[in-house]
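Hi everyone, thanks for coming.

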Amino acid sequence: MNITGGKYKGQKIKAPDENITRPTLSKVRMSVFNTLQAMMDFEGASFLDMFAGSGIMGLEAISRGFSRSVAIEKNRKIFNVIKLNFSKYEKENDIRVVSGDSLKVAKMLGQFDVVYIDPPYFQGVYEQALDAVSQFVDSIIILEHVVDVNFDGFEIIKQKKYGDKFITFLAKAKLK
């Protein structure tokens, strides 16, 4: 698996066992960051990847100019793969991986400009993940999902479909 854009474009990273994770496809990663770039300036911005898998989304963020990137991963074996992937970039970037349950840890990490949520499909945690970041008032929330999700409390900014999956860009709904 390779980083698709920015200063580390083409750098290879190790992918965890695909029986455990399902890395986001390169064309989807490129589309996510191209869409984000039209919405915001990456300089000085922070990125949170709640269900990190390989850590590729956080590395893409750093490569493309985000100032800070944090990945959360619960599975210890996968956490170690992400730690290895991040180790090449830690010296010159504010990038780290946190071990733990994303639904609990995200609330304790503070505000992020962008939050990427790609939980294991069919585990029924989409709404719980959105609830975990509901206090991130000014964040762009990106949800990768294959089932319908209740977006109560959020506004859909943009939605794209790739095969059987959706990438939905959300913002916290403003009270009227």
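Let's begin with strand 4, where Val 114 and Tyr 116 point one way, Val 115 and Ile 117 point the other way, and all are buried. Buried here means under 20% relative accessible area, exposed is over 50% and partly exposed is in between, with a 1.4 Å probe and protein chains only. In a regular strand, side chains alternate between the two faces of the sheet. Strands (E, at least two residues) and helices (H or I, at least four) are DSSP runs, numbered from the N terminus.

Some housekeeping: this is a predicted model, in which local features need pLDDT of at least 70 and side-chain atom pairs count only at pLDDT 80 or more, while totals for chains, interfaces and linings use all residues. Residues are numbered from 1 along each chain as its sequence is written, and side-chain values use heavy atoms, with hydrogens and water left out.

Now, the neighbours of strand 4. Two strands pair if DSSP finds at least two bridges between them. Strand 1 and strand 4 run parallel, joined by 3 bridges, and Asp 49 has Tyr 116 in strand 4 as its bridge partner. Strand 4 also runs parallel to strand 5, this time with 4 bridges, and Val 115 stands opposite Ile 141 in strand 5.

Moving along, strand 5 and strand 7 are antiparallel, with 6 bridges; here Leu 143 stands opposite Thr 168 in strand 7. Strand 7 then pairs with strand 6 (residues 154–162), again antiparallel, over 8 bridges. These two form a hairpin with 2 residues between them, and Gly 163 in the turn has a positive phi of about 60 degrees.

Phe 154 stands opposite Lys 172 in strand 7, and Lys 172 lies over the face of Phe 154, at 5.2 Å from the ring centre. For that label, NZ of Lys or CZ of Arg must be within 6 Å of the ring centre and within 35 degrees of the ring normal.

So what is the order of the strands in the open sheet? The 7 strands run 3-2-1-4-5-7-6, with mixed pairing. Strand 3 and strand 6 stand at the edges with a single partner strand each, so one side of each has no neighbour in the sheet. From one strand to the next, the twist averages 15 degrees.

On to the helices. Helix 2 lies across strand 1, strand 2, strand 3 and strand 4, at about 170 degrees to strand 1. Helix 3 lies across strand 2 and strand 3, at about 170 degrees to strand 3. Axes are lines fitted to C-alpha atoms, for helices over the stretch in contact, and angles run from 0 to 180 degrees between N-to-C directions.

The largest has 33 residues, and Val 32, Phe 33, Leu 36, Phe 66 and Ile 142 touch the most other members. Helix 2 gives the most to this core, with 5 residues. Apart from it lies another core of 28 residues, including Val 115 and Phe 154.

Leaving aside neighbours within four places in sequence, Leu 36 is in contact (heavy atoms within 4.5 Å) with residues including Phe 42, Phe 66 and Val 114.

Last topic: aromatics. Rings of Phe, Tyr and Trp (its six-membered ring) pair if their centres lie within 6.5 Å; planes under 30 degrees apart are stacked, over 60 edge-to-face and the rest tilted. By this rule there are 7 aromatic pairs. The rings of Phe 33 and Phe 66 have centres 6.3 Å apart and planes at 80 degrees, so the pair is edge-to-face. Both Phe 33 and Phe 66 are buried. Ring pairs also link Phe 33, Phe 42, Phe 47 and Phe 66 into a cluster.

Thanks, and I'm happy to take questions!

Definitions and conventions: A nonpolar core is a set of buried Ala, Val, Leu, Ile, Met, Phe, Trp, Tyr and Cys residues joined through side-chain atoms within 4.5 Å.
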